[in-house]
Amino acid sequence: MVQKAVVKKILDRHHAEIEVQRQSACGHDCAKCGGCGAPTERIQAVAINHVQAGVGDIVTVEGSSKQILGMAALVYAMPLVLFFVFYGICAAMHLAEGMSILMGAIGFALGILAAIRRNHQMKKSGEIVFTIVKKG
């Protein structure tokens, strides 16, 4: 994934702290949309800086597609998978339909919590890696 960022701080010769605007699924093409009111959250990240960008430079950064797809799978698939696993176990145990649905909902909620926890771990450990590919 390629996007624009602003260099906020130089950490060392090969690393910079950048500020990236979090992208939403709509791509913020507001001219074609009636307005979704999506928040424009900015996140701080560390980027590999081989182009010697300086503080205040607007740069093009590239994130790992593998990481992004993995996170998307976790965020979107995990809750659904856990819903059906919990529901299926309860149905196999011949529990009431309402109980199976309730347990499925609990599985769904656990999937969301797991995704949130993993996201916080990745931010804290610096696993989300960006590379500055060019200035401007």
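A walk through the predicted model

Let us begin with what lies inside: of the 136 residues in the protein chain, 22% are buried, where buried means under 20% relative accessible area, exposed over 50% and partly exposed in between (1.4 Å probe, protein chains only). This is a predicted model, in which local features need pLDDT of at least 70 and side-chain atom pairs count only at pLDDT 80 or more, while totals for chains, interfaces and linings use all residues. Residues are numbered from 1 along each chain as its sequence is written, and side-chain values use heavy atoms, with hydrogens and water left out.

How confident is the predictor? The mean pLDDT of the protein chain is 83, and 83% of its residues reach 70 or more; pLDDT is the predictor's confidence in each residue, from 0 to 100.

Now for the overall layout. The chain has 2 helices and 5 strands, and along the sequence they follow the pattern β-β-β-β-α-α-β. These elements are DSSP runs numbered from the N terminus (helices: H or I, at least four residues; strands: E, at least two). Of the contacts in the chain with a separation of 6 or more, 71% are between residues 24 or more positions apart, with contact meaning heavy atoms within 4.5 Å.

β1 and β4 pair in the antiparallel sense over 5 bridges, and A5 has V59 in β4 as its bridge partner. β4 is also joined to β5 by 5 bridges, again running antiparallel, and here V61 stands opposite I132 in β5. Two strands pair if DSSP finds at least two bridges between them.

Several of these residues return in the largest nonpolar core, which has 13 residues; those with the most contacts inside it are A5, V7, I18, V59, V61, F130 and I132. Such a core is a set of buried Ala, Val, Leu, Ile, Met, Phe, Trp, Tyr and Cys residues joined through side-chain atoms within 4.5 Å. The elements giving two or more residues to this core are β1 (2-12), β2 (15-21), β3 (42-49), β4 (58-63) and β5 (130-135). Leaving aside residues up to four places away in sequence, I132 touches a list of residues including V7, I18, V59 and V61.

E41 sits in the loop between β2 and β3 and is partly exposed, with a relative accessible area of 36%. E41 and Q21 are 20 residues apart in sequence, and their C-alpha atoms are 5.9 Å apart in space. In the loop between β3 and β4 you will find Q52, which has a positive phi of about 55° although it is not a glycine. Q52 is partly exposed, at 48% relative accessible area.

Finally, turn to the helices. α1 has 28 residues and reaches 38 Å from its first C-alpha to its last, close to the 40 Å expected at 1.5 Å a residue; the expected span is 1.5 Å times one less than the number of residues. α1 bends by about 40° at A77, and a proline, P79, follows within four residues. The bend is the angle between axes fitted to the seven residues ending at a residue and the seven starting there. The buried residues of α1 are M71, L74, P79, L82 and C90. In the loop between α1 (65-92) and α2 (97-125) lies H94, exposed at 72% relative accessible area. H94 has a positive phi of about 60° although it is not a glycine.
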